Amino acid sequence: MATTRLIIAGLFTALLLTPALNAQVGPGLLDLNSAAEKDLSGLPGMTPAAVKALLERRPFGSITEANTFLLAQKLTPEQTAAIYRKAFIHVNLNTATRDEILLIPGAGNRMAREFAEYRPWRNWAQFDKEISKYVGQAETDRLKQYVFIPVNLNTATDADILTIPGAGQRMVREFKEYRPWKTKEQFEREIGKYVGPKEVARLWRYVVM
């Protein structure tokens, strides 16, 4: 019995350490951390002053940080909710807090519970299978716009990398050039040759090794 438990534990550990497959960022929404000024200006309730302040403050480390900022710009909760139907900062399915998940329009307590229950998330096929059991595929696809499964720096395809908001072909090239990636410090050093510290930090949110 003890041997069986050790085998099961070993298999579970191996599963947790297995790189995510087909990990990507959900498509469909503007990213508040990288959207152009003209796109931000078209969002509900965004005054020129609020847009300017947002551009100066970003990147935000999470949607909860952005939400606090927007409320401080005198936007109402109703206005921020309207913004989040068009623009958001994706939440990491494997680490998102309850507060982050609850800012996703229509997610509610049920999705806060289900998102956490099925961790670790590895790919969209898993997300489709588990979440569609509760809300159907159309709503699952809508929720997918708000989340991401971190992209593995050492195995991601070009298409995977390009799902990261604002990454572009340059980051495809640089992410692949410095493989194998081993540490966060390496990432900060190498990617920091091309973009500033704030952009390095923003990109780091979306990746794993």
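Axes are lines fitted to C-alpha atoms, for helices over the stretch in contact, and angles run from 0 to 180 degrees between N-to-C directions. Helices (H or I, at least four residues) and strands (E, at least two) are DSSP runs, numbered from the N terminus. This is a predicted model, in which local features need pLDDT of at least 70 and side-chain atom pairs count only at pLDDT 80 or more, while totals for chains, interfaces and linings use all residues. Residues are numbered from 1 along each chain as its sequence is written, and side-chain values use heavy atoms, with hydrogens and water left out.

**View 1. The crossing of helices α4 and α5.** Helix α4 (residues 63–72) and helix α5 (residues 77–84) have axes that come within 10 Å and cross at roughly 135°. The two helices are therefore oblique to each other (angles under 35 degrees count as roughly parallel, over 145 as roughly antiparallel, 65 to 115 as roughly perpendicular and the rest as oblique).

**View 2. Residues in the contact of α4 with α5.** In α4, I63, A66, N67, L70 and L71 meet P77, T80, I83 and Y84 of α5 (contact means heavy atoms within 4.5 Å).

**View 3. K74 in the loop between α4 and α5.** Although K74 is not a glycine, its phi is positive, at about 75°. K74 is exposed, with a relative accessible area of 73% (buried means under 20%, exposed over 50%, partly exposed in between, with a 1.4 Å probe and protein chains only).

**View 4. Two cis peptide bonds.** Most peptide bonds are trans. A cis bond joins R58 and P59, with omega about 15°; P59 lies in the loop between α3 (48–57) and α4. Another joins R179 and P180, with omega about 5°.
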